[in-house]
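Have the model open, try each task, then compare your steps with the worked solution.

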Amino acid sequence: MVYLAAVGTALPGDPVDNASLAKVLGVNEDWIEFFIGTKTRHFARDLESGEVYWSLAELCTQAAEEAITAAGVDPAEIEFVVMGTATPDELMPATVNHVADQLGLNHIPTYQLQSGCAGAVQALGLGRTLIAAGAGAGLVIGGDVCSKHLDLSRDFTNAASSELVNFVLFGDGAGAAVLTAEPRGHQVALRTVLNQFTGLGRAPGQIIEWFGMADRESGKQAVNEDYKAIEESVPVMATEILWQLLDELGWTPEDLTFLLPPQLSGRMTQLIWERLDMPGATEVSCVADTGNNGNALPFMQLSRLLDQMTAGDKALAVAVESSKWLKAGFALEKV
């Protein structure tokens with residue numbers, strides 16, 4: 001058995017509300033409230049000057065230190081670090097290695113998985129495999145600094161809606177979890193992890209370009225989101241994931257104490273929650289307050305969940321990555 005001992009999170013700076021963001025972007029605050037439904041988000045850089053205050057590595061290190069302390073694990077016991085992100089600080093070195101360095105870890109395997117919202121779940125899946133293979137304790141991290149791709153100083157008068165939505169949807173942050181082979185900390189069993197590619201033959205729902213010196217002036221749109229496709233597909237996929245996990249575990253809807261739905265935006269998450277139709281389970285969501293900070297989100301949800309769980313409680317987490325339509329999720333049980 002593999003156990004989730006503790007979780008840590010990190011959000012940069014003060015929350016940025018819709019009024020502040022609308023002023024910088026020159027858009028209507030009511031549009032943000034109605035279309036996105038997210039109240040606040042956090043940025044690793046100053047909105048007006050563009051000055052960077054936090055790197056992804058710094059945020060991940062902060063979250064990891066919090067998780068290690070909360071788990072009651074000595075850093076010397078950590079036998080691996082796995083990190084999921086869509087926005088590494090650099091193409092090389094991998095950000096996970098900067099994090100290991102800042103944590104003072106050495107002579108252990110490190111892994112960095114390049115993915116969007118499913119990356120944190122992929123990292124949990126790999127961490128679970130490594131514990132099952134004999135490791136005693138390991139660190140799993142997820143985080144993103146989305147604001148590096150968003151130039152807030154530009155003129156948004158003629159911005160395409162597929163681009164503009166990203167400026168109000170996303171935020172920055174990081175999360176981390178300590179996995180152990182024996183019950184420690186919160187003593188929550190990680191029963192299963194789902195990672196599944198389902199995008200065969202489908203156009204991406206989201207594209208984030210990586211510009212190098214050769215194509216920096218190509219005129220390409222840096223971030224492109226097909227929000228209509230996401231709005232149509234994600235609730236359907238979320239329902240499929242929920243029932244796939246329940247069937248695999250032999251659980252019934254009545255067995256669920258908590259449900260962690262996909263965290264796209266305040267509005268979309270509420271629509272998905274209604275579609276999942278699990279009135280006996282308590283919803284655990286955070287995106288309306290944290291913004292969509294990608295791979296940090298499952299850990300943000302977990303940080304709200306763990307203190308609520310009592311012996312025998314069961315929880316399912318559902319995640320969907322729209323970049324190429326990935327299904328992800330995991331199941332927890334308090335022992």
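**Exercise 1.** In this predicted model, work out which residues ring pairs link into a cluster, and classify the pairs.

*Solution.* Ring pairs join Trp31, Phe35 and Tyr227 into a cluster. Across the structure there are 3 aromatic pairs.

Step 1: take tryptophan 31 and phenylalanine 35. Their ring centres are 5.5 Å apart and their planes meet at 25°. Planes under 30 degrees apart count as stacked, so this pair is stacked.

Step 2: go on to phenylalanine 35 and tyrosine 227. Here the centre-to-centre value is 5.0 Å with 45° between the planes, which makes a tilted pair.

Step 3: look at the sequence separation. Phenylalanine 35 sits in helix H2 and tyrosine 227 in helix H7 (residues 227–249), so their pair ties together parts 192 residues apart in sequence.

**Exercise 2.** Decide for tyrosine 227: buried or exposed? Then do likewise for tryptophan 31 and phenylalanine 35.

*Solution.* Step 1: the cut-off for buried is under 20% relative accessible area. Tyrosine 227 has 7% relative accessibility, so tyrosine 227 is buried.

Step 1: tryptophan 31, with a relative accessible area of 29%, is partly exposed. Phenylalanine 35 also counts as partly exposed, at 23%.

**Exercise 3.** Find the ring that arginine 202 lies over, and then the ring under the charged end of lysine 314.

*Solution.* Step 1: arginine 202 is placed over the face of tryptophan 325, 4.0 Å from the ring centre.

Step 1: for lysine 314, the charged end sits over the ring of tryptophan 251, at 5.6 Å from its centre.

**Exercise 4.** Describe how H7 and helix H8 (residues 266–276) cross.

*Solution.* Step 1: recall that two packed helices are described by the angle and the distance between their axes.

Step 1: the axes of H7 and H8 come within 9 Å and cross at roughly 40°. The two helices are therefore oblique to each other.

Step 2: the handedness of this crossing of H7 and H8 is right-handed.

Step 3: list the contact residues. From H7 they include Tyr227, Ile230, Val234 and Leu242, and from H8 they include Met268, Leu271 and Ile272.

Technical notes: Residues are numbered from 1 along each chain as its sequence is written. This is a predicted model: local features need pLDDT of at least 70, side-chain atom pairs count only at pLDDT 80 or more; totals for chains, interfaces and linings use all residues. Side-chain values use heavy atoms; hydrogens and water are left out. Rings of Phe, Tyr and Trp (its six-membered ring) pair if their centres lie within 6.5 Å; planes under 30 degrees apart count as stacked, over 60 as edge-to-face and the rest as tilted. Buried means under 20% relative accessible area, exposed over 50%, partly exposed in between (1.4 Å probe, protein chains only). Helices (H or I, at least four residues) and strands (E, at least two) are DSSP runs, numbered from the N terminus. A charge sits over a ring if NZ of Lys or CZ of Arg is within 6 Å of the ring centre and within 35 degrees of the ring normal. Axes are lines fitted to C-alpha atoms, for helices over the stretch in contact, and angles run from 0 to 180 degrees between N-to-C directions. Angles under 35 degrees count as roughly parallel, over 145 as roughly antiparallel, 65 to 115 as roughly perpendicular and the rest as oblique. A crossing is left-handed if the near helix is turned anticlockwise from the far one by less than a right angle, and right-handed if clockwise. Contact means heavy atoms within 4.5 Å.
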